[in-house]
Amino acid sequence: MAQYLMSVLHDSDSLATAEEMAAIDAFNERLQADGHWVFAGGLAAPGSATVVDGRGGEPVFTDGPYLESKEHIVGFWIIEAPHLDVALRLAAQGSSSCNRRVELRPFLGE
């Protein structure tokens, strides 16, 4: 099965509501029960990020996000699905569960 990254996009630093968290937990349980679950996690606010550039000589550390943007990634799922149609269906369910837009991207094959 192919693996996909589902990135959760949001336009504020607000956390999920209790209702959204309950829906996310139920979605996570369905992913696990149906064999699609690989890993998932929520991310801290973009202001907590550090960009590390180790391309030459000494690494350079820069506080803050890589890009200034209206939207940022607040969480993600890594799922397994037999084909894109299933992954798209799961992404739609994830978007509905967390009440946020989701970007779906396949991992590169071997």
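Which strands does helix α1 (residues 18-33) lie across? In this predicted model, helix α1 lies across β1, β2 and β5 (72-81), and it runs at about 25 degrees to β5.

Strands of a sheet pair through backbone hydrogen bonds, in either a parallel or an antiparallel manner. Here, four strands form an open sheet in the order β2-β5-β1-β6, and their pairing is antiparallel.

Strand β1 (residues 2-10) pairs with β6 in the antiparallel sense over six bridges. Leu 5, for example, has Arg 105 in β6 as its bridge partner.

Helix α2 (residues 84-98) lies across β1, β5 and β6. Its direction is at about 155 degrees to that of β6.

In soluble globular proteins, nonpolar side chains tend to be buried together. The largest nonpolar core of this model contains 14 residues, and those with the most contacts inside it are Met 6, Leu 31, Trp 77 and Ile 79. At least two residues of this core are supplied by each of β1, α1, β5 and α2. The largest share, five residues, comes from α2.

## The largest pocket

How much space lies in the largest pocket? The volume is about 440 Å³. The pocket is lined by 25 residues, of which Ala 16, Gly 42, Leu 43, Val 74 and Gly 75 lie nearest its centre. The elements that each give two or more residues to this lining are β1, α1, β2 and β5. Among the contributions to the lining, that of β5 is the most, with six residues.

## A residue in a loop

Leu 15 lies in the loop between β1 and α1. Is this residue buried or exposed? Leu 15 has a relative accessible area of 73%, and because exposed means over 50%, it is classed as exposed.

Not counting residues up to four places away in sequence, Leu 15 touches Glu 20 and Arg 100. The C-alpha atoms of Leu 15 and Ala 44 are separated by 9.6 Å, although these residues are 29 residues apart along the chain.

Note on methods: Residues numbered from 1 in each chain as written. Predicted model: local features only at pLDDT ≥ 70, side-chain atom pairs only at ≥ 80, totals over all residues. Heavy atoms only, no water. Pairing = 2+ DSSP bridges. Contact = heavy atoms within 4.5 Å. Axes fitted to C-alpha atoms, helices over the stretch in contact; angles between N-to-C directions. Core = buried A, V, L, I, M, F, W, Y, C linked by side-chain atoms within 4.5 Å. Buried < 20%, exposed > 50% of the residue type's maximum accessible area, 1.4 Å probe, protein only. 1 Å grid on protein atoms, 1.4 Å probe; cavity = no way out; pocket = protein on both sides within 12 Å on 5 of 7 lines; lining within 4 Å. Points joined across faces, edges and corners; volume = space filled by probe spheres on them.
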